[in-house]
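Visitor: I'd like a walk through this fold. Can you take my questions one at a time?

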Amino acid sequence: MEWAAGQAHDMQLARVAGAQAEIGMGFAGLHRLLVPFLGGLPGLPGPQRQALESAFGLAAGPAPDRFLVGLAALTLLTDAAAARPVLCLVDDAQWLDQVSVEMLGFIARRLYADRVGMLFTVREGEGQAGALAGLPELVLGGLPEEAASELVAASAGAPVDGRVSAQIVSEVAGTLWR
């Protein structure tokens, strides 16, 4: 994710990382991702604006129609991208609330010629990300033990006792990232 953010020189970045503490709060992840674009709310079609305002608690109203919330979010992003491309980085999607993951999957499946890109990270075997099914994916595996041990030593800036390194590598199952 950091590499992708570093390559997005001329793009607007929108970032959100899943937080286990917010997993039960509907629309929390979507809200955090869209905060930089909420200035575009007045330009949305009325039903979309009302649905998104209701979802985010910005206006009183009935429970929002999820389809309209998804369309509103898509419209906010594509409108913002008309001026400058947008890259949405969604880290640890498995820890976002379910409705946010559903909305983000909905948006990602509707991006065609729009100047919006979406990049998700999801831990293998996590059920929350089922809403992202069907999107193009690249599965990354863990590092081989020797490479993971080298990364531990490089990150520590000094040699690391073999037993300590082996325990760290075992605990993270080779999923060390730099």
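Visitor: At roughly what angle do the axes of α4 and α5 cross?
Guide: Keep in mind that this is a predicted model. The axes of α4 and α5 come within 9 Å of each other. Their crossing angle is roughly 55 degrees.

Visitor: Is α4 oblique or parallel to α5?
Guide: Under 35 degrees would count as roughly parallel, and 65 to 115 as roughly perpendicular. The α4 and α5 axes cross at roughly 55 degrees, and that makes the relation of α4 to α5 oblique.

Visitor: Is that crossing left-handed or right-handed?
Guide: Look at how α4 passes α5. The crossing is right-handed.

Visitor: How many nonpolar residues does the contact of α4 with α5 have?
Guide: On the α4 side you'll find R66, F67, V69, G70, L71, A73, L74 and L77. From α5 come V99, E102, M103, F106 and I107. Sorted by class, that contact has 2 charged residues and 1 polar one, while the nonpolar count is 10.

Visitor: Are the rings of F67 and F106 stacked or edge-to-face?
Guide: A search of the whole structure turns up 1 aromatic pair. The ring centres of F67 and F106 are 5.7 Å apart, with the planes at 85 degrees. Planes over 60 degrees apart count as edge-to-face, so the F67 and F106 pair is edge-to-face.

Visitor: How many residues apart are F67 and F106?
Guide: The pair links distant parts of the chain, with F67 sitting in helix α4 and F106 in helix α5. Their separation is 39 residues.

Visitor: Is α3 perpendicular or parallel to α4?
Guide: Helix α3 covers residues 46-55, and its axis is 8 Å from that of α4. The two pack at an angle of about 100 degrees. Since 65 to 115 degrees counts as roughly perpendicular, α3 against α4 is roughly perpendicular.

Visitor: What does E53 contact, leaving aside its neighbours within four places in sequence?
Guide: E53 is another residue of helix α3. Its C-alpha is 8.7 Å from that of P64, which is 11 residues away along the chain. With those sequence neighbours set aside, the contacts of E53 are L41, L58 and A59.

Visitor: Which strands stand at the edges of the sheet?
Guide: The 3 strands form an open sheet in the order β1-β2-β3, with parallel pairing. β1 (12-17) and β3 (116-120) each have a single partner strand, so one side of each has no neighbour in the sheet. The twist from one strand to the next averages 15 degrees. The edge strands, then, are β1 and β3.

Visitor: Which residue in β2 does Q12 stand opposite?
Guide: β1 pairs with β2 (residues 86-91) in the parallel sense, over 6 bridges. Within β2, the residue opposite Q12 is V86.

Visitor: Which strands does helix α4 touch?
Guide: Helix α4 (residues 66-83) packs on the sheet, and its direction makes about 135 degrees with that of β2. Helix α5 (residues 98-108) lies across β2 and β3, at about 135 degrees to β3. The strands touched by α4 are β1, β2 and β3.

Visitor: What pattern does the protein chain follow along the sequence?
Guide: The chain has 7 helices and 3 strands, and its C-alpha trace spans about 60 × 35 × 25 Å along the principal axes. Read along the sequence, the pattern is α-β-α-α-α-β-α-β-α-α.

Conventions:
Residues numbered from 1 in each chain as written. Predicted model: local features only at pLDDT ≥ 70, side-chain atom pairs only at ≥ 80, totals over all residues. Heavy atoms only, no water. Pairing = 2+ DSSP bridges. Helix = DSSP H or I, 4+ residues; strand = E, 2+ residues; numbered from the N terminus. Axes fitted to C-alpha atoms, helices over the stretch in contact; angles between N-to-C directions. Contact = heavy atoms within 4.5 Å. Parallel < 35°, antiparallel > 145°, perpendicular 65-115°, else oblique. Left-handed = near helix turned anticlockwise from the far one by under 90°. Nonpolar A, V, L, I, M, F, W, Y, C, P; charged D, E, K, R; others polar. Phe/Tyr/Trp six-rings, centres within 6.5 Å; stacked < 30°, edge-to-face > 60°.
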